[in-house]
Amino acid sequence: MSARDKRLSLEDVTVSFDGFKALNALTLAVDPGEMLCIIGPNGAGKTTMMDVITGKTRPHSGTAQFGSDIDLLKLSEPEIVAVGIGRKFQKPTVFERLTVFENLELALAGTRSFLKTLRARISAPQQERIEEVLEIIGLSNQRFSLGKILAHGQKQWLEIGMLLMQNPELLLVDEPVAGMTPQEIERTSELLRSLAGDHSVVVVEHDMSFVRSIAKRVAVLHEGHVIAEGDMDKVQNDPRVIEVYLGV
Amino acid sequence: MSQNNRESFTLWKPSTQDNGGTWFLGILALVAIAVPTLNQLVPASSAAHLSVFGITLIGKYLCFGMLALAIDLIWGYCGILSLGHAAFFSLGGYAMGMYLMREIGPRGVYGDPILPDFMVFLNWKSLPWFWYGFNHFPFALAMMVVVPALLAFVFGWFAFRSRVTGVYFSIITQALTYAMMLAFFRNDMGFGGNNGFTDFKDILGFDLHSDRTRVVLLVITAIALGGAYLACRAIVESRAGRVMHAIRDAESRTRFLGYPVESFKVWIFVFSAVVAGIAGALYVPQIGIINPGEFAPINSIEAVIWVAVGGRGTLYGAIAGAVLVNYAKTYLTGAFPEVWLFALGALFVLVTLFLPRGIIGLVQTRSKER
């Protein structure tokens with residue numbers, strides 16, 4: 001497959017902070033509708049990679065292309081959100097004193113200015129979209145619950161739901177199951193798998209059993225570049241990966 | 001998905017049990033009917049007769065209620081704590097005062113047909129440019145809205161653009177109102193120095209000393225307060241209101257969703273300043289005086305205490321707080337003048353410690369328990 005058919009392609013991306021190379025000639029591609037998991041030890045450059053894709057950090061060299069013709073390095077952070085890249089941060093921040101429904105309402109794409117929001121009404125298609133997302137994230141019965149009374153896992157799902165409201169083509173998800181109960185992890189893995197297909201999903205995660213449960217393809221990051229790529233079994237048996245993880 | 005969810009398809013908003021707003025509008029309507037009746041129809045000899053003194057007090061409470069409403073809109077819903085809202089109140093009051101001064105005309109002590117007394121006293125030969133137009137009521141009316149709005153816009157624009165928030169914002173609003181007070185105290189500012197404006201004769205030709213005019217002013221104040229309440233409620237119940245909640249609870253998250261947080265804050269701050277300005281404009285003809293003391297920082301802080309006591313984030317609670325605290329103030333400053341400030345301080349401490357949601361919060365909890 002050529003770079004043109006990729007949802008996202010990073011090529012030779014290098015980021016250095018005072019000489020320390022957080023990303024070192026990183027090359028990585030994501031197919032449309034694919035679920036890719038990124039693992040790696042602390043300091044491997046996972047978060048920096050997310051920052052480059054979302055425009056928070058500018059690389060010193062390399063290219064980042066979204067779809068066939070969008071150069072991400074030329075766009076600002078809000079513009080990158082607008083072309084269809086949604087990012088979920090590690091710490092969930094939902095609006096605590098608004099209901100689940102209202103949280104999703106505010107995340108609806110479109111109306112943003114003060115005067116327009118004064119008169120904004122939820123249209124039938126928007127209502128339907130909210131219902132749809134409520135079902136996807138499994139919070140249909142909590143629609144009137146305030147954000148603050150949700151369990152940790154439910155907050156994470158709501159946050160993913162808020163991303164979905166903007167219909168992103170690429171979802172970046174940072175450590176979605178940190179701090180979750182086994183049941184919540186199970187539910188999250190189902191949720192993310194159901195999203196792949198309609199969206200490309202990139203998940204950064206430490207929890208190996210979780211990664212195994214969701215990913216067809218795994219990329220291992222170490223010292224700012226990809227040292228192994230492929231399915232979980234292949235990656236786990238890769239001698240370099242074993243060396244990095246076990247220090248053999 | 002289950003059938004239940006489909007059935008609740010259109011029911012996206014929980015039904016609110018809160019009917020405090022209806023109560024408030026009802027009481028306000030009652031006041032607007034009872035005051036004219038008790039003053040105009042009940043003979044002065046009767047014990048039920050309401051004197052001008054009583055009307056003035058009620059009018060003052062309603063104006064303060066409107067100021068509290070303005071503060072609650074930005075503080076209770078958007079998390080912006082302004083400790084300088086009396087500045088907008090006073091500016092509205094001064095705009096009204098300028099009209100009332102021009103309206104005096106040649107009936108002043110010095111009998112100058114154009115210049116207000118204080119200008120004659122200061123030996124001024126002509127009217128300063130910024131006094132032009134204030135002899136026309138519609139122009140003065142526009143200024144009561146435009147001047148507070150303009151100050152709020154310029155101030156809010158710089159403060160919110162620079163991401164000044166929280167306690168830092170509160171402090172510079174204190175500085176703002178203090179600076180305004182010092183400026184208005186100066187004689188050469190052209191606003192009557194420390195005496196301000198007083199000795200008003202009439203408004204639109206109606207004698208300000210007649211009961212009838214005062215009753216009409218009070219009814220207008222009640223209508224303005226009711227209208228301002230409904231406008232504020234419409235804002236907080238719109239999606240813009242939910243964005244304000246979002247800004248209050250997680251400002252950067254709101255920005256990340258793509259909302260122009262700064263512009264929301266500027267708009268809502270300007271609207272709040274306009275409400276405060278109108279309150280001030282209604283206050284002056286009823287009280288009969290406006291002077292730079294109205295800009296005093298303590299006034300703004302007191303107004304914030306009214307909101308805290310009543311219960312912020314409900315709108316009508318702020319109004320109730322303003323009326324109750326000012327009633328207590330009227331009573332205590334009459335009966336035990338020296339304890340008022342201690343009582344006010346104690347009230348604020350007690351409310352902060354024991355009634356975080358104010359008196360309205362207490363009433364709501366009680367009625368839920370039943």
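**Starting at A:Glu105**

Apart from neighbours within four places in sequence, A:Glu105 is in contact with A:Ile122, A:Ile130, B:Arg239 and B:Arg242. Contact here means that two C-beta atoms, placed from the backbone, lie within 7 Å. Before going on, the ground rules. This is a predicted model, in which local features need pLDDT of at least 70 and side-chain atom pairs count only at pLDDT 80 or more, while totals for chains, interfaces and linings use all residues. Residues are numbered from 1 along each chain as its sequence is written, and chains are lettered from A and ligands numbered from 1 in the order in which they are written.

A:Glu105 sits in helix α3 of chain A. Helices are DSSP runs of H or I with at least four residues, strands are runs of E with at least two, and both are numbered from the N terminus. Is A:Glu105 buried or exposed? A:Glu105 is buried, since 22 other C-beta atoms lie within 10 Å. The cut-offs are these: buried is 20 or more other C-beta atoms within 10 Å of the residue's own, exposed is 12 or fewer, and partly exposed is in between, with C-beta atoms placed from the backbone. From A:Glu105 to A:Arg121 is 16 residues in sequence and 9.9 Å in space, C-alpha to C-alpha.

Next, the contact between the chains. Chain A gives 22 residues to this contact and chain B gives 23 residues. On the side of chain A that touches chain B, α2 (77-83), α3 (100-107), α4 and α5 (124-136) each supply at least two residues. The largest share of that side, five residues, is from α3(A). By class, that side of chain A has eleven nonpolar, four polar and seven charged residues. Nonpolar means Ala, Val, Leu, Ile, Met, Phe, Trp, Tyr, Cys and Pro; charged means Asp, Glu, Lys and Arg; the others, Gly among them, are polar.

Over to chain B and helix α8, residues 211-237. This helix has 27 residues and reaches 39 Å from first C-alpha to last, close to the 39 Å expected at 1.5 Å a residue; the expected span is 1.5 Å times one less than the number of residues. Its buried residues include B:Arg214, B:Leu218, B:Ala222 and B:Tyr229. What covers the buried residues of α8(B) includes α4 (114-119) of chain A, along with α2 (20-41) and α3 (52-78) of chain B.

Take B:Ala222, in helix α8 of chain B. B:Ala222 counts as buried because 22 C-beta neighbours lie inside 10 Å. Leaving aside neighbours within four places in sequence, B:Ala222 is in contact with B:Leu28, B:Val31, B:Ala32 and B:Leu62. B:Val31 is 191 residues away from B:Ala222 along the chain, yet their C-alpha atoms are separated by 7.9 Å.

Last, a helix pair in chain B. Helix α4 (residues 85-104) and helix α6 (residues 137-161) of chain B pack at an angle of about 160°, with axes 9 Å apart. Axes are lines fitted to C-alpha atoms, for helices over the stretch in contact, and angles run from 0 to 180 degrees between N-to-C directions. α4(B) and α6(B) are therefore roughly antiparallel, the word for angles over 145 degrees, with under 35 being roughly parallel, 65 to 115 roughly perpendicular and the rest oblique. The residues of this contact of α4(B) with α6(B) divide into 14 nonpolar, one polar and no charged.
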